[in-house]
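Notebook open, model loaded. I'm jotting down what I look up as I go.

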Amino acid sequence: MATSITRALGAFASGLRFEEIPAEASAIARTGFVDCVGVMIAGREEPVVGILRDALDVAGPRGEAALTFGPLRAPAPEAALINGTAAHALDYDDVALRGHPSAVLVPAILAEGEALGATGAEMVAAYVAGYEVWAELIAHDEDFHHEKGWHPTGVFGAVGAAAACARLRGLDAERAAHAVALGASQSAGLGANFGTMTKPFHAGRAAQAGVMSARLAQAGMTASLDAIEHPRGFLYAISPHGRMKDLDAPSRGFGQDWLILEHRLSIKKFPICYCGHRATDAMLALLARRPLGAEEIDTIEVVTSRAHAGTLRNAMPATGLEAKFSAQFDMAAAVIAGKVGLTELTDAFVQRPEVRALMARVTVSSTDEADPALPGAAPFDTVRVALRNGERLEESVRRARGHAAVPLTDAELRAKFMDCLASVGEGRRAPALFDRLNDIATLGAATELEAA
């Protein structure tokens with residue numbers, strides 16, 4: 001294998017064949033497609049998606065690819081941008097590799113796959129190629145990129161999507177490496193924009209960058225074939241502390257060991273930042289054991305890692321978007337609504353007086369204890385509730401439900417998909433689309449998926 005990391009990533013993406021992929025890895029990719037399409041369709045009416053459609057002025061009855069599985073179409077790069085933004089708009093998409101891989105990879109693959117008439121097997125191979133490249137990138141730096149202000153979804157996603165689209169286009173190893181390097185120069189995404197429309201735009205731009213990188217590389221555009229590992233390259237530029245390792249060559253076993261089987265996917269149960277999921281699970285478990293009304297509660301304390309506390313930055317959110325990054329909101333919604341779902345992530349619910357009153361009684365404390373298996377996380381998150389009668393209650397959660405270690409069942413994944421489509425009036429269409437997406441053997445071309 002080539003010693004250059006950039007060249008190795010290109011060679012891997014170029015050479016990967018569906019037949020080489022373990023069945024378990026293909027099944028993980030299938031889950032990524034299913035979950036992403038569900039949340040993408042659910043996010044189609046979010047304001048940011050409409051803004052993009054209007055501003056780009058490319059949507060119409062004709063085009064290379066469908067927009068959010070609806071009647072409008074657009075050129076593949078713009079379809080990837082709009083669909084990737086829709087997939088991340090609700091913050092309900094899957095989690096792995098320090099970000100949200102499917103919200104980038106699936107929109108890029110579906111848009112380019114539809115333009116090319118790709119088969120389901122080809123799209124699954126592209127997903128695995130993008131996932132493995134993304135996983136290899138994070139393997140060289142163990143530090144938490146959020147701490148430097150990066151949104152890893154936009155930063156790593158552009159490179160992963162470039163590799164995925166290079167695989168779809170059948171680029172040779174040299175051109176695929178150029179595509180990877182082109183993707184690296186399009187990486188972007190700032191943590192300061194969390195809780196705004198720009199956060200999902202990061203995912204959309206990364207998906208679009210992947211499509212464009214592969215197309216430009218195929219057309220002959222060049223980039224540096226050491227852009228990933230160069231001292232002025234990708235890994236050095238984004239590193240929080242400059243403590244990268246093994247930049248002389250790809251990680252041992254890359255291209256042979258399947259990183260997707262190691263990292264897998266965590267599927268979200270709640271449409272909120274994943275940093276808030278463990279505490280939300282803890283509060284819901286506490287309430288299941290001891291039902292409480294807001295009026296009985298004096299204070300709530302959430303204990304989480306310093307990094308996650310910083311990400312959950314909005315103590316008193318005023319909008320549904322801001323509330324996605326608020327531990328205070330998570331606790332209030334769990335107590336008052338008994339759940340934290342799409343119906344709670346609205347401006348109207350966030351602004352209810354009883355919700356705001358309870359949010360004001362929630363504090364967040366941070367710990368420097370670290371979970372070695374989850375960069376940036378504490379070993380567990382804890383919720384402590386002080387009641388007005390003097391009673392104290394406590395609950396801790398180590399892994400949120402839906403995490404790869406405690407995955408959702410097939411029935412729970414199907415139920416989430418049905419709920420997502422029902423939320424935008426697509427309930428009747430949901431079963432056929434779910435079944436098609438859920439069967440790799442008959443996945444077919446993206447155009448068939450659209451018609452399901």
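This is a predicted model: local features need pLDDT of at least 70, side-chain atom pairs count only at pLDDT 80 or more; totals for chains, interfaces and linings use all residues.

How many cavities of 30 Å³ or more does the structure hold? I get 2. Residues are numbered from 1 along each chain as its sequence is written, and side-chain values use heavy atoms, with hydrogens and water left out.

**Cavity.** My cavity is a set of points on a 1 Å grid over the protein atoms alone where a 1.4 Å probe fits but cannot get out, and lining residues have an atom within 4 Å of a point. Points are joined across faces, edges and corners, and the volume is the space filled by probe spheres set on them. I looked up the second largest cavity, which comes out at about 60 Å³. Its lining is H88, A89, D91, G195, T196, K199, P200, L321, K324 and F325. Helices α4 (76–89) and α9 (198–219) are the elements that each give two or more residues to that lining; elements here are DSSP runs numbered from the N terminus, helices being H or I with at least four residues and strands E with at least two. I count 4 nonpolar, 3 polar and 3 charged residues, with Ala, Val, Leu, Ile, Met, Phe, Trp, Tyr, Cys and Pro as nonpolar, Asp, Glu, Lys and Arg as charged, and the others, Gly among them, as polar.

**Sheet.** Next I traced an open sheet of 4 strands, order β4-β3-β5-β6, with mixed pairing; strands pair if DSSP finds at least two bridges between them. β4 (362–367) and β6 (392–397) are the edge strands with a single partner each, so one side of each has no neighbour in the sheet. Strands β3 (297–305) and β5 (381–387) run antiparallel, joined by 6 bridges. I297 has L387 as its bridge partner in β5.

**M283.** This residue sits in helix α12. Is M283 buried or exposed? Its relative accessibility is 0%, so I log M283 as buried (buried is under 20% relative accessible area, exposed over 50%, partly exposed in between, with a 1.4 Å probe and protein chains only). Leaving out residues up to four places away in sequence, M283 touches I300, M331, A334, V335, V383 and V385, contact being heavy atoms within 4.5 Å. M283 and E394 are 111 residues apart in sequence, yet their C-alpha atoms are 8.7 Å apart.

Definitions and conventions:
On a 1 Å grid over the protein atoms alone, a cavity is a set of points where a 1.4 Å probe fits but cannot get out, and a pocket is an open set with protein on both sides within 12 Å along at least five of seven lines; lining residues have an atom within 4 Å of a point.
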